[in-house]
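Please read the points below alongside the sequence and the coordinates. They are written as a short note from one colleague to another.

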Amino acid sequence: MKDSRFETSFDVVRWLESEAAGLWPTLLGSLSFRRSPCVRENCPACMSGEQHPSYVLYGRRKGRRVAVYVPAELVPEVQRGLDNGRALQELLQQAAPRYVKALKRERTEARKNRKS
Ligand SMILES: [Zn+2]
């Protein structure tokens, strides 16, 4: 990696693109595990208090919370997407100050060149 004190805004964009390339699928939301009762009468699982385990993904659409049932066998894949989402957020957090610093350096350089 190039020394961040000398990188250009273009370097930051390229760095972000290459880091993000391995982070797909990228998902935001939260996966939660719950146990819920069913509608069957005299269900042994419900009567024992064990109930029925399931996973639900909570996300947002146009500001409203949406819940989607996630079958157990899809949980690892969904979890990987959510982990990638967190990693991408972390990258974007790192990119912002680096990008702004690079833009400021470029502005300073452009001013120097105009004067000389
Ligand atoms: Zn049941």
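1. Basis. This is a predicted model, in which local features need pLDDT of at least 70 and side-chain atom pairs count only at pLDDT 80 or more, while totals for chains, interfaces and linings use all residues. Residues are numbered from 1 along each chain as its sequence is written, and side-chain values use heavy atoms, with hydrogens and water left out.

2. Elements. The protein chain has three helices and three strands, in the order α-β-α-β-β-α from the N terminus. These elements are DSSP runs numbered from the N terminus: helices are H or I with at least four residues, strands are E with at least two.

3. Overall shape. The radius of gyration of the protein chain is 24 Å, whereas a compact globule of 116 residues would have one near 13 Å. That radius is taken over C-alpha atoms, and the globule rule is 2.2 Å times the number of residues to the power 0.38. Along the principal axes, the C-alpha atoms fill a box of roughly 90 × 30 × 15 Å.

4. Of the 116 residues, 21% count as buried; buried means under 20% relative accessible area, exposed over 50%, and partly exposed in between (1.4 Å probe, protein chains only). Among contacts (heavy atoms within 4.5 Å) with a separation of 6 or more, 57% are between residues 24 or more positions apart.

5. Zinc site. Cys38 (SG), Cys43 (SG), Cys46 (SG) and His52 (NE2) are the protein donors of the zinc ion, at 2.0 to 2.4 Å from it. Donors are N, O and S atoms within 2.8 Å of the metal (3.2 Å for Na, K and Ca); water is not among the atoms, so sites may look incomplete. The donor residues follow the spacing C-x4-C-x2-C-x5-H. Of these residues, Cys43 is buried at 3% relative accessible area, and His52 is partly exposed at 24%.

6. Strands E2 (residues 52–61) and E3 (residues 64–70) run antiparallel and are joined by seven bridges; strands pair if DSSP finds at least two bridges between them. Tyr55 stands opposite Val70 in E3. Two residues separate E2 from E3 in this hairpin, and Lys62 in the turn has a positive phi of about 50 degrees.

7. Backbone exceptions. Most residues other than glycine have a negative phi, and most peptide bonds are trans. Asn42, in the loop between E1 and helix H2 (44–47), has a positive phi of about 55 degrees and is exposed at 61% relative accessibility. Gln51, in the loop between H2 and E2, has a positive phi near 55 degrees and is partly exposed at 25%. The peptide bond joining Trp24 and Pro25 is cis, with omega about -5 degrees; Pro25 lies in the loop between H1 and E1.

8. Leu23 is in the loop between helix H1 (9–20) and strand E1 (30–36), and is buried at 13% relative accessible area. Val13, in helix H1, is partly exposed at 35%; its C-alpha atom lies 9.9 Å from that of Arg98, 85 residues apart in sequence.
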